[in-house]
Amino acid sequence: MEPLSQVVVWPSGRLDFSAGPLVMGILNVTPDSFSDGGDFFETDKAVAAGVQMAQQGAAILDVGAESTRPGSRSVPADEQIRRAVPVIEALARRVSIPISIDTRDPDVAQAAVRAGASILNDITALADERMARLAADRQLPVVLMHMQGTPETMQQKPQYDDVVAEVKEYLLSRAAYAESVGIRRERIFIDPGIGFGKTTEHNLLLLGHLEEFVGLGYRMLVGVSRKRFIGQLTGRENPKERLFGTAAAVALAAAKGASILRVHDVGPMTDVVRVAYAIAAAESSV
Ligand code: HH2
């Protein structure tokens with residue numbers, strides 16, 4: 001297999017991995033996300049937060065208009081569009097970094113792309129064929145995430161015989177599907193889906209074996225920011241108090257080969273990623 005190029009280019013954007021992993025800033029335009037619900041629900045606040053994330057070192061802004069926290073219900077496409085599109089339009093004028101749309105709905109993705117988004121972050125890994133076609137037709141990068149079940153039910157009883165092997169196999173099959181519809185390998189990002197139908201033990205096994213995902217032939221995105229397993233390990237009930245726990249997980253993921261770290265706290269995590277990656281790179285250079 002040919003090595004992946006350091007710079008990923010598509011008609012309306014580029015990502016340069018030559019200096020190490022990149023940070024994706026999370027911008028939830030929602031009233032109910034698990035850690036920042038309501039913080040950026042108004043367009044002006046969301047845009048200001050996005051601009052600030054770009055200044056703090058984000059390489060991508062991930063705009064989401066539907067919380068997928070455990071137990072959440074899906075948000076109708078027109079409501080997601082009403083929330084996300086004005087924010088994406090304003091950000092596309094004000095920042096030069098690519099904007100991704102965090103949605104499993106192809107109609108939302110289409111509207112977001114028209115507004116200026118150019119990466120599709122799909123927690124259902126192109127379950128809807130129209131999403132796959134949109135990415136292929138527009139030559140957009142995609143994030144393919146693993147999830148067991150749906151957000152509404154996924155934390156009721158997650159079960160695996162071998163979580164690492166099963167998640168790997170799933171991601172490989174979804175990536176093969178993406179390639180089969182015409183999405184280029186370098187534009188496919190795989191994501192183990194930390195917290196999506198997984199117990200704390202499952203999450204730890206996946207993070208402990210992340211380097212195995214690097215060998216699969218695709219770049220990897222990892223989202224651990226403020227998640228519940230960090231609360232369980234540290235006793236921090238309030239997600240906003242999970243900064244240091246998040247830093248530990250982000251550092252390890254960056255050192256183990258993740259290419260994109262999806263985080264809420266862009267400034268601090270940019271430093272974490274730089275230091276963790278520099279140490280890992282020095283270790284592998286001897
Ligand atoms: N996690 C969340 C949402 N989208 N997308 C990818 N690719 N990977 C993730 O790990 C991931 C994701 C959940 O976090 P957040 O957006 O902060 O919360 P909510 O779903 O409640 O809005």
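Guide: By class, 11 nonpolar, 15 polar and nine charged residues make up the lining of the largest pocket (Ala, Val, Leu, Ile, Met, Phe, Trp, Tyr, Cys and Pro count as nonpolar, Asp, Glu, Lys and Arg as charged, the others, Gly among them, as polar). This is a predicted model, in which local features need pLDDT of at least 70 and side-chain atom pairs 80 or more, while totals for linings use all residues. Residues are numbered from 1 along each chain, and side-chain values use heavy atoms, without hydrogens or water.

The largest pocket holds about 590 Å³ of space (a pocket is an open set of points on a 1 Å grid over the protein atoms alone, where a 1.4 Å probe fits, with protein on both sides within 12 Å along at least five of seven lines; lining residues have an atom within 4 Å of a point; the volume is the space filled by probe spheres on points joined across faces, edges and corners). There are 35 lining residues, and Phe34, Arg69, Pro70, Phe196 and Lys227 come closest to the centre. Two or more lining residues come from each of β3 (22–28), α6 (200–208), β9 (219–223) and α8 (228–234) (DSSP runs numbered from the N terminus: helices are H or I, at least four residues; strands are E, at least two). The largest share, three residues, belongs to α8.

Now to the ligand, which sits in this largest pocket (more than half of its atoms lie within 2 Å of the grid points). Around the ligand are 19 residues, with Ser33, Ser67, Asn121, Asp191 and Lys227 the closest (each has a heavy atom within 4 Å of the ligand). The shell around the ligand divides into seven nonpolar, seven polar and five charged residues. At least two shell residues each come from β3, β7 (142–145) and β9; of these, β3 and β9 also give two or more residues to the pocket lining.

Next, some polar contacts (pairs of N or O atoms within 3.5 Å). In the side chain of Ser67, an N or O atom is 2.7 Å from a ligand oxygen. Arg262 likewise uses its side chain, with a polar atom 2.9 Å from an oxygen of the ligand. Phe34 takes part through its backbone instead: a polar atom there is 3.0 Å from a ligand oxygen. Taken alone, the ligand exposes 480 Å², and the protein buries 98% of that (Shrake-Rupley accessible area, 1.4 Å probe).

Key. A polar contact is a pair of N or O atoms within 3.5 Å; within protein, one must be able to donate a hydrogen and the other to accept it, and residues adjacent in sequence count only if both atoms are side-chain atoms.
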